[in-house]
Amino acid sequence: MNSSAMNGAHILSTGSAVPSICISNEYLSNTISTSDEWISTRTGIKERRLLPKDKSIIDLATEASLSALQKGLIKAENLDLIILATSSQNDLFGSASQLQASLGAKHAVAFDITAACSGFLIGLITASQFIRTGAYKNILVVGADILSRWVNWTDRRTCILFGDAAGAVILQYNQTNDLLNFQLDSNGNDFHQLSIPYTQTQIHKNTVESLYTYPQGGKYNYLTMNGKEVYKFAVSQVPISIEECLKKAELSTDDISWLVLHQANQRILEAVANKLDIPMTKVISNIKYYGNTSAASIPLALDEAFNSGYICNGDIIVIAGFGAGLTWGTTIIKWHAIH
Ligand code: COA
C-alpha cells in the first residue's frame, strides 16, 4: 500500500502506574555490599519501586491502562486491540488477555510481546502498522514489568538496577500520521549478554525413551547480565539506530525537541546524547526515581513528560529502546495534542 494512502497513527493519551513500596540505595546498602555513592555515580539511580507480593503485573498494567483511557476520554469497550509488552508475564502463554478481561475491553483482541526493554517500542510500532493499514482504530499499548521478581537480591551487579512499573499509550486512527518512521534491529548472537535462562531438569535414566520423551520440567534462573558488554552495545548501537531513523524521516538531530531513551543508566543517556550532540536539556530522565523498569520505562517517562506539560504541539520526540535479545530500535513522533 502506498504510504501516503495509508491512515495516520496518533498518540491520544498516556498513563502510568508505579507501586508504592520504595527501596532506596541506602536500604540496599544494608542488605548487600554496596553504597549509595557507588550506585548513584555508576547509574544515576537513587531508588526503585517494588510491587508487593499480593499484587500482580495485571494490577499494575490495569492501573496504567485505566489512567490512559481516562485521559483519552475513551471507553475500554471501544478498544480494538491490546498489546501487552512484558517479559515478566504471570502465564507463559501470555497475560494480555487477563488485562483485556480486567479492563472489560470486550471487543478487543489481546496479545503479548516479549522483547524485554525494547518491548514497548516494538509494541508501539506493531500497533501503528494495524492502524496504518486501516485494520484497527483504537489500540492500547502497555509496557509493564516486575523484574524485581526475577533478579537475585544478593547479586549486587544486577539487583541495584531494576524496578517495577507499568506505562500505557492509546494509539488512535487519525488523518495525519504522527509516527513519522521507525528503525528496529536484533542481534541474537549476543542474547547471552542479558538473559533469564531456562534450565531443563536433568534426565537421569539412561534409556532410549529418555532421548525423545519430553523432559520432566525445569526452571527459570535469575536474570544474568554482562554489564560492560550491555553498556558498550547500548552506547554504540542506539546512536546509529537514531541516525538511521532520522534519515528515513528526512530529519536531523537539530530537529529533535525531546529524546526519550529507555531508562537503563544515566551514563548511557549521557553517552548517547553526547555522541549525537544533543544537549542534556532535551533528554528526558527519571531513572533517579525508578531505576530500569524494562518495558515500562519509555511509556512511564513519556507519561511523566506529558503530565509535566513541557512537551508542546509540533515537538519532535525521538524514542529509542534497547535491551535483551539483543533488540533495539527507534521511532519518531510529531506530537499533536487533540484534547
Ligand atoms: N556496589 C558496589 N560495587 C559493585 C556493585 C555494586 N552494586 N556492582 C559491581 N560492583 C563492583 C564489581 O564487583 C567490581 O569490583 P572489582 O573491580 O573489585 O571486581 C567493580 O564494582 C566494577 O564493576 P564493573 O562491573 O566493572 O562496573 P561498571 O563500571 O561496568 O558498572 C554497571 C556496572 C552494571 C553499572 C554498568 O556496566 C552498566 O550500567 N551496564 C549496562 C547495564 C544495563 O543497562 N543493563 C540493562 C540494559 S536494558
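Modeller: Contact means heavy atoms within 4.5 Å, and on that rule 41 residues of domain 1 touch 35 residues of domain 2. This is a predicted model, where local features need pLDDT of at least 70 and side-chain atom pairs pLDDT 80 or more, while totals for chains, interfaces and linings use all residues. Numbering starts from 1 along each chain as its sequence is written, and side-chain values use heavy atoms, leaving out hydrogens and water.

Biologist: What is the protein chain divided into?

Modeller: Domain 1 (3-177) and domain 2 (180-190 + 224-334), with bounds from an automatic or database domain assignment. Their centres, taken over C-alpha atoms, are 16 Å apart.

Biologist: What makes E1, E7, E6, E4 and E5 a sheet?

Modeller: Strands (E, at least two residues) and helices (H or I, at least four) are DSSP runs numbered from the N terminus, and two strands pair if DSSP finds at least two bridges between them. Nine bridges join E1 to strand E7 (residues 164-174), so that pair qualifies. The two run antiparallel, and Ser-13 has Ile-170 of E7 as its bridge partner. The five strands form an open sheet in the order E1-E7-E6-E4-E5, with mixed pairing.

Biologist: Why do strand E1 (8-17) and strand E5 (109-113) stand at the edges?

Modeller: Each has a single partner strand, so one side of each has no neighbour in the sheet. Neighbouring strands here are turned by 20 degrees on average, direction ignored.

Biologist: How do you know which helices pack on this sheet?

Modeller: From their contacts. Helix H3 (residues 57-71) touches E1, strand E4 (81-85), strand E6 (138-146) and E7, and helix H5 (residues 119-132) touches E1, E4, E5, E6 and E7. Angles run from 0 to 180 degrees between N-to-C directions, with axes fitted to C-alpha atoms, for helices over the stretch in contact. H3 makes about 125 degrees with E1, and H5 about 170 degrees with E6.

Biologist: And the sheet of four strands, what order has it?

Modeller: E8-E15-E14-E13, open and mixed in its pairing. Strand E8 (179-186) and strand E13 (258-261) have a single partner strand each, so they stand at the edges. Eight bridges link E14 to strand E15 (residues 327-334), which run antiparallel, and Val-318 has Ile-332 in E15 as its bridge partner. Helix H7 packs on this sheet, touching E8, E13, E14 and E15, at about 40 degrees to E15.

Biologist: How do you know where the second largest pocket lies?

Modeller: Both domains give residues to its lining, so it lies between them. Its volume is about 540 Å³. Ser-87, Ser-88, Thr-114, Ile-196 and Tyr-220 lie nearest its centre, out of 22 lining residues.

Definitions and conventions
On a 1 Å grid over the protein atoms alone, a cavity is a set of points where a 1.4 Å probe fits but cannot get out, and a pocket is an open set with protein on both sides within 12 Å along at least five of seven lines; lining residues have an atom within 4 Å of a point. Grid points are joined across faces, edges and corners, and a volume is the space filled by probe spheres set on the points.
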